[in-house]
Amino acid sequence: MALVTAFRRLAQYSRRSVAVLSSPAVWHSNPRSFTSGIQPLRADNKVTVHFVNRDGEKVTVKGSPGDSLLDVVINEDLDFDGFGACEGTLACSTCHLIFDEDIYKQLGPITDEEMDMLDLAYGLTDTSRLGCQICLTKSLEGMVARVPESVADIRQSKDGSA
Ligand code: FES
């Protein structure tokens with residue numbers, strides 16, 4: 001009986017959604033331009049991040065709130081050799097980044113799993129974190145993230161290939 005009720009509600013919701021979507025009020029003058037009241041991500045909603053590469057080069061990019069710093073590196077096609085080898089699965093420490101102390105304090109709690117991986121990173125500092133675990137917020141606007149001079153990929157060490 002509960003299942004029948006759930007299906008009825010789903011059907012009612014679907015009909016309502018179709019009615020709302022087909023209403024001219026939700027379409028802009030261009031029928032291909034859907035405006036639901038949700039504002040598209042504008043450039044001013046983005047967060048500016050300054051990366052300092054291994055060679056000291058400063059690269060300034062923007063990312064969306066909620067993106068990890070690994071996402072930003074990938075989306076902006078930044079060429080940090082070996083960065084993000086495990087694609088954010090906390091199985092390497094190649095996304096090791098170093099922050100200024102004031103930014104580091106805003107980065108949120110660190111998990112035991114991240115701490116375990118960080119322990120294996122070369123050049124570990126008191127303000128080190130893994131980029132795949134740091135998500136952008138507006139309060140991090142203008143942050144500086146330094147890429148350490150060298151990386152350690154624990155997965156290669158386990159293989160004995162490095
Ligand atoms: S990308 Fe491997 S731990 Fe972050």
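Start by selecting Phe80: its relative accessible area is 5%, so Phe80 is buried (under 20% relative accessible area; exposed is over 50% and partly exposed in between, with a 1.4 Å probe and protein chains only). This is a predicted model, where local features need pLDDT of at least 70, side-chain atom pairs count only at pLDDT 80 or more, and totals for chains, interfaces and linings use all residues. Residues are numbered from 1 along each chain as its sequence is written, and side-chain values use heavy atoms, leaving out hydrogens and water.

A search of the whole structure finds two aromatic pairs. In one of them, the ring centres of Phe80 and Phe83 lie 5.9 Å apart with planes at 70 degrees, so this pair is edge-to-face (rings of Phe, Tyr and Trp, its six-membered ring, pair with centres within 6.5 Å; planes under 30 degrees apart are stacked, over 60 edge-to-face, the rest tilted). Bring in Phe51 too: Phe51, Phe80 and Phe83 make up one aromatic cluster.

Next, show strand β1, residues 47–52 (strands are DSSP runs of E, at least two residues; helices are runs of H or I, at least four, all numbered from the N terminus). Six bridges join β1 to β2, running antiparallel (strands pair if DSSP finds at least two bridges between them). Click His50 and you will find Thr60 of β2 opposite.

Last stop: Leu118, in helix α4 (residues 112–118). Leu118 counts as buried at 3% relative accessibility. Beyond neighbours within four places in sequence, Leu118 has contacts (heavy atoms within 4.5 Å) that include His96, Ile110 and Leu130.
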